[in-house]
Every structure is written in structure tokens, then in C-alpha cells.
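Hi,

Here is the structure I promised to pass on. Have a look around first, then read my notes below.

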Amino acid sequence: MIEHNTHRKVVVIGGGYAGTVAANRLRRRTDVDIALVNPRPEFVDRIRLHQFVSGTGDVAVDYGTLLGEGIELVVDSATHIDTADRMVRLASGHALDYDYVIYAVGSTTAVPSVPGAAEFAFSVAEVESAQRLRARLEEVPRDARLTVVGGGPTGVETAAELAEQGCTVALVCGGSLLPSLSAPGRRYVARWLSRHGVSVLEGATVTEVRPDAVVFGDGAVRPSALTIWTTGFGGPQLAAESGLRTDTLGRLLTDETLTSIDDDCIVATGDAVAPSGRPLRMSSQGAGALGAPAADTVLSRIAGTEPAVVDLALIGTCISLGRRVGIRQLARKDDTAVNFYVGGRAGARIKEVTCKVGVGKIRREARKPGSLIWPKGNPRPAFAASVVTSI
């Protein structure tokens, strides 16, 4: 631990994978007062939300088991970052003054523009929406037709969980099924879904959601007792509404040290950051790893040294297909898939280990700040000014 006398105040906004890692890592210095602001009193293990919906898993983790000693958990919502007075305004009416902010608000499902989707479709992006979906699932008949919109990992995992529970599921991909996977990986997933009765509709687009049906682009109407929307992720608008520049999805624009291009006292991380205007793929894998360099940037600025540029490689994707099967798709360091995957029970075991590691590395950082390591070697591009959407 590095000992210093003058205390600095750091407010971490968001208690997900990135924010908790960052808060714990800041404890490398004993002269930093750390406040973690989160709207919920418990950590949400978001990568298990599809399990929670189907009743095969839980997502709540006690912050007391995740946060290191001395971190103040503030159960509240940040409503404004006052950069002039260096205050984080809260929904409760209180405010926290800061020397530095770590912006770790994460991501959420964007409000769908498709008519009826916001009113009648359910989301699995947040625990509150997942709770509503779980309650609704208990009300519909077991043989009712369900529709999952979105052919990405969240849509596939949700459809697979429900199919394994005996539900009749249609998966509407919009484009192709799991485009981020290799062709062999996509074929493997497609075969599993077919064997379990999931109707995979590639190239089909939902143009309207009704209480009991979905309407497709060609005018076809398909009965749907319950529609689940898993496409269109974005970021909270806190940064933009605080006068900070963001990209089109609301992610804070930063330089390669994760520092806001508008304010050296604000550092962003996780799904909420767009380094050089080109963010990494939204994922728990990237979010947890980005929490560490964000904290390191703040610690460097406190110490008066030059922060390091971010260097993080995403090297694959894990997708569960129910509780007994999964797929581990390998990728190059630039996040492009290679023609190799691990499937079956081995894939499921790798997925489960990956899920446990996501929480485990937070606890490890709490026990030993500065211990987290991550894959490196992915070069970052130059800043793209065209993505700026707010000033």
C-alpha cells in the first residue's frame, strides 16, 4: 500500500462489474476516500439474468462480500455531475463532492422504436424488468407461444433457457444468428436450438408488438403470448445530461487513458466508455477488466504521473445453451472469431467458470488491490470525432 497524507475523494458511479473492481483497486492508496453510488443495495450478476428469468439461478450478491474495507456504499441514483462545483447530485437530494469521478453506469436496453415494443415486450437487461418477466412467465400457460427478439448472446441464452424448461419459443434474429461467432460455432448453436424446438427466424424483422402477437416486415402475424426484447443496447444519459460529450449510444467519449475529453477529473469505464470514439464490445468480460485501468488512471493523476493507455484484448465469447450445454467461441485479440470452439458439457463448464470468475475477480481485488490482470495486445484506433452527439 502507498501511504500519503492529503486525502482525495473519488466517487464511483455504478456498482456493476467495472465499478466494483475500480472501487476496490483504488484502495491501493490509503489516502483516498471512496464512495460507490448504486441504485440497488445488492450487486446484480447481470450475466445470470436469463437464468433468473427461467428460475434456474439467482443474480443478487451481497456487497458486503465484494467491497473492500473503507468503501462507502451509497444506495442512491446519480442525477447530475456538476463539473463546475465538482459535485455528484443524487436523486435523494443529497450530493457528494469529489476530486475525481469514475463513470461506471453500465448499459441498458435502449427504448425500442418498434410500435408496441415498449408497451408490450419484456426485457432481461435489468433486474427489475427481469422480475416483471419472471412473474409474467408464471401466468402464461406452459404450451403458450413465446417470442424472443434478438439473435445475439442474450437472446440465444434466454431462448435456450426457456426451451429447456419446455416452452415453445421462436427466436427472431433480424439478421443472422449470433453474427459474432464463427460459422462452425453458429451451426453448432443452430443445431442445439433446432433439437430443442426453438424456431430460429433469420432475416425476419419484427415491425410491431401486440399484447398477444408480433407482426413481421412482410405483414405476417405470429401469435405470441409473451414477447421478450433483447436487442438494442445503449447507455444511461447521465453524462450527456451533465454536459459531457458522448457517442451515439450515450457512452462517454474519452482518450486512451479512459479520461473524459472534456474533463480530466472524470474517468469512464465498462460499458459506459468509448475510448477514442470506438468502444469495446459491451460485455462483462470487458467491463470487469476495464475497471482496473480506470482506477489506475485516477491513481496516476493523484500521484502526478502520466496515466497508461488502455490495453485490453477480448479473446472470445461464452454462451450457455440451457443448464447442461454451452459454447466457448475463441477469438483473436481484436475480438474476431476464429474457426474453433468448445461445445457440449465442456462448453457449459467453461461458461460457469467464467461466470464465477466475474464475481471472483471483484472479491480478489477487494482482498488484494492491484492484483487483477487481463489479456492485452489489442491496439486502439485514433479518435473519431464523427461519433460526438452532445456537448
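How many helices and strands are there in the protein? There are 9 helices and 25 strands; these are DSSP runs, numbered from the N terminus, with at least four residues (H or I) for a helix and at least two (E) for a strand.

Some ground rules before you dig in. This is a predicted model, where local features need pLDDT of at least 70 and side-chain atom pairs count only at pLDDT 80 or more, while totals for chains, interfaces and linings use all residues. Residues are numbered from 1 along each chain as its sequence is written, and side-chain values use heavy atoms, with hydrogens and water left out.

About that pLDDT: it is the predictor's confidence in each residue, from 0 to 100. The protein has a mean of 93, and 95% of its residues reach 70 or more. Residues 382–391 stay under 50, and the model gives them 25 contacts beyond four places in sequence (a contact means heavy atoms within 4.5 Å). Where pLDDT is low, the predicted coordinates should not be read in detail.

Now the overall shape. The radius of gyration is 21 Å, which agrees with the value near 21 Å that a compact globule of 391 residues would have (it is taken over C-alpha atoms, and the globule rule is 2.2 Å times the number of residues to the power 0.38). The C-alpha atoms fill a box of roughly 65 × 40 × 40 Å along the principal axes. Of the 391 residues, 53% are buried; buried means under 20% relative accessible area, exposed over 50%, and partly exposed in between, with a 1.4 Å probe and protein chains only. If you take contacts between residues at least 6 apart in sequence, 64% of them join residues at least 24 apart.

On to the aromatic rings. The structure holds 3 aromatic pairs. Rings of Phe, Tyr and Trp (its six-membered ring) pair if their centres lie within 6.5 Å; planes under 30 degrees apart count as stacked, over 60 as edge-to-face and the rest as tilted. One of the pairs is phenylalanine 43 with tyrosine 63, edge-to-face at 6.2 Å centre to centre and 85° between the planes. Phenylalanine 43 is in strand β3 and tyrosine 63 in the loop between β4 and β5, 20 residues apart. Both of these residues are buried. Why is the pair of tyrosine 188 and tyrosine 341 tilted? Their planes are at 45°, so the pair gets that label, with ring centres 5.2 Å apart. Tyrosine 188 lies in helix α6 and tyrosine 341 in strand β25, so this pair ties together parts 153 residues apart in sequence. Tyrosine 188 is buried at 14% relative accessibility, whereas tyrosine 341 is partly exposed at 23%. Tyr17, Phe43 and Tyr63 form one aromatic cluster.

Charges sit over rings too (NZ of Lys or CZ of Arg within 6 Å of the ring centre and within 35 degrees of the ring normal). Arginine 134 has its charged end over the ring of phenylalanine 52, 4.7 Å from the centre, and lysine 376 lies over the face of tryptophan 374 at 4.9 Å.

Aspartate 218, in the loop between β16 and β17, is exposed at 67% relative accessibility. Threonine 254, in strand β20, is buried at 1%, and its contacts beyond four places in sequence include Ile261 and Val273.

Cheers
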